Each structure stands twice: as C-alpha cells, then as structure tokens.
Amino acid sequence: MRGAQAHRVAVDRLLASYRAIPAGQRVRLAKRTSNLFRSRAEGRGSGVAGLDVSGLDGVISIDTQARTADVQAMCTYETLVAATLPYGLMPTVVPQLKTITLGGAVTGLGIESSSFRDGLPHEAVLELDILTGDGNLVTARPEGEHADLYRGFPNSYGTLGYATRLRIELVPVQAAVALRHVRFGDLDELAAAIGTISTAREWEGTEVDFLDGVVFSATEAYLTLGTWTDDLSDLSDYTGQHTYYRSIQYRSTDKLTIHDYLWRWDSDWFWCSSAFGAQNPAVRKYWPAKYRRSDVYHRLVGLDAKYGFVAKVDAWRGKPARERVIQDVELPVTRTAEFLRWYLDHVPMTPVWLCPLRLRESGPAGTPTAGSKPWTLYPLRAGETYVNAGFWGTVAIEPGRADGDKNREIEDAVAQFGGHKSLYSDAYYDEATFWAAYGGENYPALKRRYDGDGRLLDLYAKAVGRR
C-alpha cells in the first residue's frame, strides 16, 4: 500500500512541477508507458513540459467493510488487482490488459466481460481528485460543486485535467470462473443471444456473471459465458504454451482461477502476439513467459512504428504497404449483426472481439443513475444494450487508396449503424462530425471552467490532430 502520507508527497511534487512551467506553456504528463495507439503528428509535442507523476502509481488504501479502494491514478490494474484479490475483492470492471491504469481507464474508457452488468470503469468511481488544466486540485463527485467535471471527465483523455486519486467500488470474488464457449453459425442469432443474456443474466437456466465473444467468420462465432465457482479442480493455464483464444474453438467448457481469468487476454495481447511469432510453438518455447505480456508487444509495435522494419521488409519483397487498423467501436445490439456483416465484407482482418455493455441501473452507492444524468462526452442510452467490437492489426492498402482510407470507411460505417468508436487510436473525423458525436454541446463550458487558459489540448486536437 502506498499510504496517505506518501500520496500527499507525490501530489505536492506534481503540483510543484505544474507551477514550475511558465504561464502560457502547454503541459502534459511525463509518462513512460501508454496503451494508446495514437502517435503524435510529426513535430507535435516537442517543447511541451511534462508533469512529474512519480509516486502516483500505487494503491493508497482498501476498506474491506465498505468495499472501496483509494487508488492513485497511475496505478495499473495489475497492481490494483494484486492488492484487492487477497481480500476477496476486485474492481467492478477490470480492463483486459495489465498495464492499463485506473486513471487511463476512466478518462479514456475501459471495458471487459463484466460490463454487461457493471457498465464501464468510471461508473464505479465514488469520487476523484483532479489536477485541472488551470492548476487547481479539485475533488469531483456525482453531486456537488464539481459534478459537471465528474460527468465530463470520462472520455476527456486528459484535456480537462489529470486524476491523482480515485475512490472506487469493489465487488466480492470467488476462487474461479467456469466458462462455456457457445458456438453460433449465424450473426443474427449471435446478436439475439447477446441481447437476451445481457438483460436476463442467464443462459439455458445457468447464471451468467461474465460475457464476451469472438467472431472468427460469418459462420463461426462464440459467446463465452463465465460463472463464478469455488471449485478449483481441472483448471487451465494459458500463460504457457497454449493460447487462450484458440481454446475457444476446441473446448466447449473450461475453468480458470479468477486471477488467470482476469488476465486471460494479456499473455497474447488477445491474438496479436502472432505478429511477433509468439504463437509459433518453436518460437514460444524460447520466449520467456515473463515477456509474453501486452506491454512488451506494445513496445515492439512502437519500435516498428519508429524505425519501419516491417514496412522496409514488405517493400523489399514487393508487398503492398499496409494500414494500421486498431479500433474498438460500440454498436447498439440491434445493429451489431449488420455491422459485423459489413465488416467481414470490407475489412480483411479477423478475429473480432465482442464485449456487451449496459450503463449501470444505479450509480455508485445509490448515486443518481447515468440515465438521469448522462456521461457528457460519450453519450450512451440507459436501458440499452451495446456491443463493443474490437479489431486490431493491419490491412494491405488497396491500389489507388491512401493510408487512413480504411479507417475512414470504418468510421462512416460505425456512424451509419448508430455507433461510436473509442478514441485511443487513429481518428479522422471532421470537426463538426466529431463534436456532434462526442458531447460538443457541453465540452466548451467544461473547457472554460477547468482549463480557461488552454494549458491542455482540446479533445479534437488530441484525438484527431494527434497532438
């Protein structure tokens, strides 16, 4: 545990680093790691001072009676889960990659297989301390003086301020999660099952505590239904020679400890480790398990983006240039099958991850529901089931097309099917379209109140301008 005193020292250091930056100069976090796939445009960000966030990466305290935790914003979910599981508790939603930070999941959105019942990570936040763009440290809660910032902080990506501490709800766990992999040969039947399970929270008479899925093709898709259990017999382990996502195709049932279930996707970065040969048995045998992690793969991608190794080899072999397509999009469940058919016809890249979500029916500790006071910058409707579709990789750039065209095509299709997309990766919207989708009617007032001098970038400049 970091402790309250150590936290105060770290916050004082952060505030001192802010005050040391000359007035009028832009500020940003001095972070060494990131789960974003939105590289800065050439020459942007140089000369921007970095805020000192050292010492803001731990758990401050856990209240087992109230089932809450005070957590520093730069704390990774790997660190947080390691602290809560010994108490038989976990966050309501644990994003699937170990190095996602709590602050990042709240300001940039996060999702996982508990989201069909517990919503998104920011819906479990009771209060949070935020260093605003104008240099003030404020505490935002669902009600009170800074309720507008509490509602506007999710999906703001650090353009209103940076969280330093979050108090979140925790939920009890059991020892393991029993899995059923249910195959569907029809996308409409798949979407209908998602809708039914998301509201009934059961399937064929068995309770469902976790729900996600994988689409391999139009005729081969699976929903994975997870149910709590204390039975620790016949456990699987996908941190070694076997890959989790492939097991979905040949196992109808499975079982993982809660720890291994939460990190089942991390060892192979879903399926993206195949790009580095890590799923080749001959390579995997000698690839140390401690380096089979999403952050290692992310660093390798960063090195390739910097030096262009793969592009140079492809050019030497006479292969076409490739466009990076790394996206998570949210569709109403009623339009999900239509979108998936469009995607499979237009984007030559599978598998696709599916993760249903619904806004929570009640807010943290009885606070007002999201339906009565919506989240400002990522509007979702209360009472409706959505499906996150995630697809990550590269596609060949077709003759006569330019880099970015496929992503633009996907953006248009997502809008056509009534959805949104997450802003952690490349975006190409024009300004009017962007603000219509991401709370533009409310964002200017938030910006004026909490970053009146424009020390932080605005959301469009950051998400689309890649600044």
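Me: Which helix gives the most residues to the nonpolar patch?
Reply: In this predicted model, Leu300, Leu303, Tyr307, Phe309 and Val310 make up a nonpolar surface patch, with about 450 Å² of accessible area together. The greatest contribution, 3 residues, comes from helix H10.

Me: Is Val310 buried, partly exposed or exposed?
Reply: Val310 lies in helix H11 and belongs to the nonpolar patch. Buried residues have under 20% relative accessible area and exposed ones over 50%. Because its relative accessibility is 46%, Val310 counts as partly exposed.

Me: How far apart in space are Gly465 and Tyr386, C-alpha to C-alpha?
Reply: Gly465 is located in the segment that follows helix H16 (459–463), and its relative accessibility of 25% makes it partly exposed. In sequence, 79 residues separate Gly465 from Tyr386. In space, their C-alpha to C-alpha distance is 28 Å.

Me: What kind of aromatic pair do Phe216 and Tyr222 form?
Reply: The structure holds 30 aromatic pairs, one of which joins Phe216 and Tyr222, with 5.8 Å from centre to centre and 85 degrees between the planes. Both Phe216 and Tyr222 are buried. Planes over 60 degrees apart count as edge-to-face, so the pair of Phe216 and Tyr222 is edge-to-face.

Me: Over the ring of which residue does the charged end of Arg264 sit?
Reply: Arg117 has its charged end over the ring of Phe210, 5.1 Å from the centre of that ring. For Arg264, the distance from the charged end to the ring centre is 4.0 Å, and the ring belongs to Tyr261.

Note on methods. Residues are numbered from 1 along each chain as its sequence is written. This is a predicted model: local features need pLDDT of at least 70, side-chain atom pairs count only at pLDDT 80 or more; totals for chains, interfaces and linings use all residues. Side-chain values use heavy atoms; hydrogens and water are left out. Patches are made of residues with over 30% relative accessible area and no salt bridge: like charges are joined within 9 Å, nonpolar side chains (Val, Leu, Ile, Met, Phe, Trp, Tyr) within 5 Å. Accessible areas come from the Shrake-Rupley method with a 1.4 Å probe; for residues, only the protein chains shown count as cover. A salt bridge is a side-chain nitrogen of Lys or Arg within 4 Å of a carboxyl oxygen of Asp or Glu. Helices (H or I, at least four residues) and strands (E, at least two) are DSSP runs, numbered from the N terminus. Buried means under 20% relative accessible area, exposed over 50%, partly exposed in between (1.4 Å probe, protein chains only). Rings of Phe, Tyr and Trp (its six-membered ring) pair if their centres lie within 6.5 Å; planes under 30 degrees apart count as stacked, over 60 as edge-to-face and the rest as tilted. A charge sits over a ring if NZ of Lys or CZ of Arg is within 6 Å of the ring centre and within 35 degrees of the ring normal.
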